[in-house]
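Please open the model in your viewer and keep the sequence beside it. This tour moves from one selection to the next and says what is to be found at each stop.

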Amino acid sequence: MFNLILFGPPGSGKGTQSDKLVDKYGLVHLSTGNLLRAEIANKTPLGMEAKNFIDKGQLVPDEVVIGMIDSSLEHHKDANGFLFDGFPRTLAQAEALDKLLTLKNSEAALVLILDVDEEELIRRLVHRGKTSGRSDDSDENVQRKRQDIYKNDTFPVAAYYQKQKKLVQVDGMGEVNQVFERLSNAIDKKI
Ligand code: AMP
């Protein structure tokens with residue numbers, strides 16, 4: 001199994017690049033953001049609880065997202081590998097993922113972190129706010145909150161993977177296809 005984590009701040013292009021990467025490498029895409037939005041669309045109790053956090057730009061509690069990842073891994077028992085997008089976002093989530101993958105005699109092979117200038121992130125998010133239909137994109141205060149949470153809670157997860165020598169930084173500036181090529185090159189070196 002080849003498991004990949006795509007890491008980076010809101011607006012760095014994780015969703016766009018994930019769609020292309022899962023196609024190219026035959027991985028199962030696990031985006032906690034997408035899974036949570038599906039729960040909200042289906043008006044499940046989990047979705048209703050998560051919406052309160054998402055709309056404020058806060059993180060959904062660890063046990064909720066870890067539980068979702070656990071059942072998704074179980075659901076795709078025959079997968080060649082997974083691409084984790086937007087997960088893990090806290091150290092507790094990173095440790096839980098290590099445990100879940102160890103139980104499957106597997107591990108995260110590579111953690112790619114997309115590096116994008118802050119000005120460019122804001123520019124992309126303002127644009128996305130007009131087109132995505134996501135309630136957490138259209139409010140500038142919520143966007144700012146999400147960037148703060150990334151810096152405080154999520155960025156330290158990069159150091160966790162750095163210690164495991166799994167972290168590779170990729171330039172996320174420029175055209176979608178250019179970034180995709182850089183990501184593919186980093187993956188091809190590893191497989
Ligand atoms: P995303 O689509 O990855 O930008 O996620 C949208 C929102 O869903 C985030 O701002 C969080 O509120 C919530 N969310 C997604 N993934 C996670 C996660 N791994 N841990 C906690 N909250 C999450």
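Select Ser106, which is buried, with a relative accessible area of 13%; here buried means under 20% relative accessible area, exposed means over 50%, and partly exposed lies in between, with a 1.4 Å probe and protein chains only. Ser106 is placed in the loop between helix H5 (91–103) and strand S4 (108–115), where helices (H or I, at least four residues) and strands (E, at least two) are DSSP runs numbered from the N terminus. The model is a predicted one, in which local features need pLDDT of at least 70 and side-chain atom pairs count only at pLDDT 80 or more, while totals for chains, interfaces and linings use all residues. Residues are numbered from 1 along each chain as its sequence is written, and side-chain values use heavy atoms, with hydrogens and water left out.

Stay with Ser106 and show its surroundings. Its side chain is joined to that of Asn3 by a polar contact of 2.9 Å, a term for a pair of N or O atoms within 3.5 Å in which, within protein, one must be able to donate a hydrogen and the other to accept it, and residues adjacent in sequence count only if both atoms are side-chain atoms. Leaving aside residues up to four places away in sequence, Ser106 touches Met1, Asn3 and Leu101, contact being heavy atoms within 4.5 Å.

Now move to Asn105, which lies in the loop between H5 and S4. Asn105 is exposed, with a relative accessible area of 78%, and has a positive phi of about 55° although it is not a glycine. For another positive phi in a residue other than glycine, select Lys43, where the value is near 55°. Lys43 sits in the loop between helix H2 (32–41) and helix H3 (45–55), and is exposed, with a relative accessible area of 66%.

Next, select Gln93 in helix H5. Is Gln93 buried or exposed? Gln93 is buried, with a relative accessible area of 3%, and its side chain reaches the backbone nitrogen of Arg89 at 2.8 Å. Not counting residues up to four places away in sequence, Gln93 touches Asp62, Val65, Ile66, Phe87 and Pro88. The last two names in that list deserve a separate look: the peptide bond from Phe87 to Pro88 is cis, with omega near -5°, and Pro88 lies in the loop between strand S3 (82–85) and H5.

The aromatic rings come next. Rings of Phe, Tyr and Trp (its six-membered ring) pair if their centres lie within 6.5 Å, and planes under 30 degrees apart count as stacked, over 60 as edge-to-face and the rest as tilted. By this rule the count comes to five aromatic pairs. One of them is the tilted pair of Phe7 and Tyr150, at 6.1 Å centre to centre and with 50° between the planes. This pair links distant parts of the chain, with Phe7 in strand S1 (residues 3–7) and Tyr150 in helix H7, 143 residues apart. Both Phe7 and Tyr150 are buried. Another tilted pair is formed by Phe84 and Phe87, at 6.4 Å centre to centre and with 45° between the planes, and both of these residues are buried.

Then turn to the nonpolar cores, each a set of buried Ala, Val, Leu, Ile, Met, Phe, Trp, Tyr and Cys residues joined through side-chain atoms within 4.5 Å. The largest has 33 residues, of which Ile69, Leu73, Phe84, Leu97 and Tyr161 touch the most other members. The largest share of this core, six residues, comes from helix H4 (residues 62–75). A second, separate core of 18 residues includes Leu4, Ala109, Leu183 and Ala186.

For the last stop, select helix H6 (residues 118–131), whose 14 residues reach 20 Å from first C-alpha to last, close to the 20 Å expected at 1.5 Å a residue; the expected span is 1.5 Å times one less than the number of residues. In H6, Glu120, Leu121, Leu125 and Gly129 are buried, and what covers the buried residues includes helix H7 (140–163). Just after H6, Gly133 takes a positive phi of about 75°.
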